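Here is my note on the model, as numbered points. Please read it with the structure open.

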Amino acid sequence: MSKNGKGTIIEVTELVKNFGELVAVNAVSFEVETGEIFGFLGPNGAGKTTTISMLCTLLKPTGGRATVNGYDISTDKHLVRESIGLVFQDPSLDDRLTARENLEFHAVLYHVPRNIRDSRIEEVLDMVSLDDRAEDRIETYSGGMKRRLEIARGLLHYPKVLFLDEPTIGLDPQTRNYIWDYIEGLKKREAITIFLTTHYMEEAEHCDRIAVIDNGNIIALDTPENLKDDVGGDVIKLKTEDDDGAKEELMRRFPDLEMLPDPECKLCFKMEKGEEFIPDLIRDFGTKIVSVSLHRPTLDDVFLQLTGKEIRDEGSDTKSGMRVARMRANR
Amino acid sequence: MAEAIEMQDGESTQEYLHRNNTRRAMTGVYMVWLRDMKRFWRDTPRRIGTTVQPIIYLFLLGTGLQAAFKVFGGGNVHFIKFMFPGILGMTVLFTSVFSAISILWDREFGFLKEILVSPVPRASVAVGKILGGATQAMMQGVILLILFPFLFGFSVESLGKIVALIPLALLLAIGMTSIGVAIAANMQSMEGFPVIMNLLLLPMFFLSGAMFPLQGLPGWMTVLTKINPLSYGVDMLRGIALKGVSITGSTPSIFSKIPKAVVAQIPPQAKAAIANAVPKIQLQTQRYPLWLDLLIVIGFSIVMLGIAIGQFSKQE
């Protein structure tokens with residue numbers, strides 16, 4: 001149904017969202033290709049959810065334009081909504097209803113034809129291995145099961161694009177892997193484009209392409225491999241008894257050395273073929289070395305290089321934990 | 001992809017689109033309503049409370065006030081009969097308005113997003129919510145109406161009144177739920193909703209004549225009762241429920257406390273003068289003509305429905 005057939009499914013041009021004085025999304029432009037897993041990577045508050053909310057027609061953009069599946073997000077809201085599936089950051093199931101009832105509600109709202117409705121519900125339940133729990137109320141579900149059901153629900157109406165806003169937030173590592181297996185399996189099984197946000201670096205590695213977003217700006221957009229290559233070489237981390245003295249010595253002996261701008265790590269630098277450099281380094285090093293570590297660049301390093309800071313879980317999990325606790329207290 | 005997607009023979013594109021949209025809008029209303037009903041039905045404490053509440057109002061409040069009236073007025077006014085339509089109005093009122101808190105629940109638990117991002121028109125969602133609240137209010141209304149013949153007698157006339165009261169109460173319920181939805185659509189906090197609703201609702205309720213007759217009030221209060229749309233709603237319910245019913249029983253004669261021999265010596269003219277001087281309790285059962293009540297309630301409900309749909313649709 002996409003007007004442009006194969007090629008791009010999402011086109012974003014100079015999209016802006018302000019909340020009063022605050023610029024949440026600052027004129028971002030990008031394109032998402034049909035059939036890829038596209039990731040938005042950035043710390044909390046970078047503007048990921050705001051962007052996704054605009055693309056899903058939940059928020060009105062302050063400026064700029066965007067199309068999803070060829071439909072304008074401001075003028076063709078209903079057509080956009082029919083083209084997309086959405087898994088929110090926060091749970092959005094009705095926990096008094098059973099899994100099947102939640103899916104039925106969704107199927108009717110999204111006009112899944114009645115003659116295929118039941119079989120489609122079975123299909124998606126089966127896909128996320130919840131077929132045996134279909135008649136149970138959501139209040140009896142664990143966090144991971146709820147998330148799987150939400151993914152199933154997002155797929156129910158054959159969307160062209162599935163938006164996943166922090167799909168694994170608050171889940172344990174095992175469940176996280178499980179969810180990722182589904183997402184990658186999905187891409188193979190269904191003709192679908194996946195647009196996700198995450199602040200977990202390991203997860204961003206699963207994406208075909210990543211947009212690194214910080215303070216409402218896209219600061220890099222490429223495949224994970226290319227982004228890591230741009231960091232250039234391996235990262236060497238040095239710990240010594242006197243970091244300041246060691247730094248001086250390093251700069252004196254290796255003037256070309258490029259230090260990484262990480263406030264947490266004074267002695268981090270990049271080096272091509274790092275494993276061959278380490279013996280040179282520790283031979284005759286004046287300051288006493290406590291440890292040396294070498295690692296291939298990760299997306300963490302990419303982010304560090306681009307922004308001068310690390311992405312952290314800055315309290316996002318505790319916050320959502322508190323939210324859950326508050327919701328329980330209110331019941 | 002939708003079920004009514006096929007164009008029928010001889011149908012223009014416009015007709016087809018219109019049919020399809022109307023159908024989708026109706027389906028949306030039904031699903032939102034159905035979900036609210038399921039949630040209500042599965043919540044056993046809420047179900048029991050809903051059933052018992054109107055009976056508590058009627059028997060405790062009605063009986064209490066009836067007794068009070070006897071003491072104050074000295075007569076045996078059937079105040080519980082006077083109260084009945086008021087309690088019906090009150091039940092419908094409070095249940096309708098507070099049902100809208102479900103919107104805030106849905107917001108808190110994220111389900112509202114699932115609904116708002118769906119391709120169903122916002123207006124359908126608002127109407128579904130309003131009908132859901134009105135249905136719950138009407139369940140209570142019907143429970144009260146089942147008790148109607150016990151107070152007013154088992155007769156064809158009572159049955160007729162019940163049949164007339166149901167749609168009128170529903171009309172009122174739709175108007176009142178709309179107020180709740182309009183306000184809930186603009187609120188983020190669960191805590192604030194009951195406060196705001198009470199601020200609005202209690203004056204409306206007290207000035208409606210549901211609890212006490214709006215007679216002999218100070219002028220400013222009479223003005224307030226006249227601009228209160230709910231007064232007309234209660235007046236409408238009362239007018240129908242009490243049509244042809246005498247609620248002013250025979251006032252015991254003032255002479256009953258005086259020994260017979262003494263009474264016999266009072267001249268008949270003096271007796272009549274004394275009897276006339278004692279104020280008779282006369283409760284007004286209908287203040288406005290029924291057509292006026294009906295007109296105002298219909299107008300009020302339509303305006304509120306419009307506002308509720310507007311407010312609900314504009315939220316992001």
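1. Terms for the sheet come first. Two strands pair if DSSP finds at least two bridges between them. Helices (H or I, at least four residues) and strands (E, at least two) are DSSP runs, numbered from the N terminus.

2. Some ground rules. This is a predicted model, in which local features need pLDDT of at least 70, side-chain atom pairs count only at pLDDT 80 or more, and totals for chains, interfaces and linings use all residues. Residues are numbered from 1 along each chain as its sequence is written, while chains are lettered from A and ligands numbered from 1 in the order in which they are written.

3. The sheet. Four strands of chain A form an open sheet in the order β2-β1-β4-β5, and the pairing is antiparallel. β2 (22-33) and β5 (71-72) of chain A are the edge strands; each has a single partner strand, so one side of each lacks a neighbour in the sheet.

4. The β1/β2 pair. In chain A, β1 (residues 8-19) runs antiparallel to β2(A), and 8 bridges join them.

5. Helix α1 (residues 48-55) of chain A lies across β1, β2 and β4 (63-68) of chain A. It makes an angle of about 120 degrees with β1(A). Axes here are lines fitted to C-alpha atoms, for helices over the stretch in contact, with angles from 0 to 180 degrees between N-to-C directions. Contact means C-beta atoms, placed from the backbone, within 7 Å.

6. A:Thr57 is not a glycine, yet its phi is positive, about 70 degrees. A:Thr57 sits in the loop between α1 and β4 of chain A. A:Asn69, also not a glycine, has a positive phi of about 55 degrees. Its place is the loop between β4 and β5 of chain A.

7. Are these two residues buried or exposed? The cut-offs are 20 or more other C-beta atoms within 10 Å for buried, 12 or fewer for exposed, and partly exposed in between, with C-beta atoms placed from the backbone. A:Thr57 has 26 such atoms within 10 Å, so it is buried. A:Asn69 has 21 C-beta neighbours inside 10 Å and therefore counts as buried.

8. The whole chain. Chain A has 12 helices and 14 strands. Of its 331 residues, 38% count as buried. Its C-alpha atoms fill a box of roughly 80 × 40 × 40 Å along the principal axes.

9. Domains. Chain A divides into domain 1 (8-223) and domain 2 (233-296), with bounds from an automatic or database domain assignment. Their C-alpha centres lie 42 Å apart.

Key: Contact = placed C-beta atoms within 7 Å.
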